[in-house]
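Hi,

Here is the structure I promised to pass on. Have a look at it first, and my notes on its salt bridges follow below.

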Amino acid sequence: MSNITIVTAFFDIGRGNIQRQNAPSYMSRTTDTYFEYFANLAQLENEMVIFTSLEYVEKIKALRQGKPTRVVAFDFHNRLHYLRNKIANIQQDKQFIGQIHPDLRNNIEYWSADYVLVTNLKTYFINKAIKEKLAKNNLVAWVDFGYVRSQDTLNNVRNWRYDFNNNKINFFSIVKNSAPKSWQDVLDCIFQNKVYIIGGVTVANQQAWQAFLKLLFDQQKQLLKLNIVDDDQGLYMMCLYHQPELFQLNYLGKNQWFSTFKKYDQTSNISIWEKIKDRLI
């Protein structure tokens, strides 16, 4: 089983101070909350590459406690102005708003340009780590900075390893048979907020990540031409629709967003073998 380099990122986009009327309660999340979650992920012994604002570099290093880590300062708030403004303009467009289900219009992905931009940069950050030779292992995983919300989520894993399909981009699904069968399925994901695959974890080898970046960039351009924007989940479904042969869907369980380390770790394979062995003896 190959060692896995984990890449993640954190930027304060103001989620701890959301004052939008009728906004869902889950959207409000302070910087302290994010770091409480990351303190769980930081316990992994895996090599990590973490992109963040300069002010958080030392705090992240301290949480890693000497484990193999590269923390890269990235000036998120003063870069990519053109793309951020384009996203914001689309989010304020009446035609775009009119396509969103009325009950969902206060969801953060439909009005926060910073949120959409940062979630669209995950594959970019992975490839930046690869290009700058910061990721030493061939197998590289994106894991959201706040994905591991408790010790239970981490499932006592210390060094995350698993025999993932090395020839594919590994997505994780919460709905069986979740590959989109039509363009309408993709639009339903975007405007009806139908979630099939999670954006919090993706695993692939370095070559596959480079192919994924090209595909994702092409789909981002097409979506902008259609006057549509979405977070990572919508774009991932779009990529899956256009080039399904590049992807492997790994099922987590119905609505089991946080089961990755429970179902896809080397200890999962060991426990399955132990059960088989017990039956044979």
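Let's start with R84 and D114, which form a salt bridge with their closest N and O atoms 2.7 Å apart. (By salt bridge I mean a side-chain nitrogen of Lys or Arg within 4 Å of a carboxyl oxygen of Asp or Glu.) R84 sits in helix α3 (residues 81-91) and D114 in helix α5 (residues 113-119), so this pair ties together parts that are 30 residues apart in sequence. Helices here are DSSP runs of H or I, at least four residues, numbered from the N terminus. D114 is buried at 15% relative accessibility, while R84 is partly exposed at 31%. The cut-offs: buried is under 20% relative accessible area, exposed is over 50%, and partly exposed is in between (1.4 Å probe, protein chains only).

Before you go further, this is a predicted model: local features need pLDDT of at least 70, side-chain atom pairs count only at pLDDT 80 or more, and totals for chains, interfaces and linings use all residues. Residues are numbered from 1 along each chain as its sequence is written, and side-chain values use heavy atoms, with hydrogens and water left out.

K262 and D152 also meet in a salt bridge, at 2.8 Å from N to O. K262 is in helix α11 (residues 260-263) and D152 in helix α7 (residues 151-154), so they tie together parts 110 residues apart in sequence.

Then there's E58 with K61, at 3.8 Å between the closest N and O atoms. They are three residues apart in helix α2 (residues 57-64), so about one helical turn separates them. E58 is exposed at 55%.

Finally, K122, D144 and D232 are linked in a network of salt bridges, and the count comes to eight salt bridges.

Cheers

Conventions:
Helices (H or I, at least four residues) and strands (E, at least two) are DSSP runs, numbered from the N terminus.
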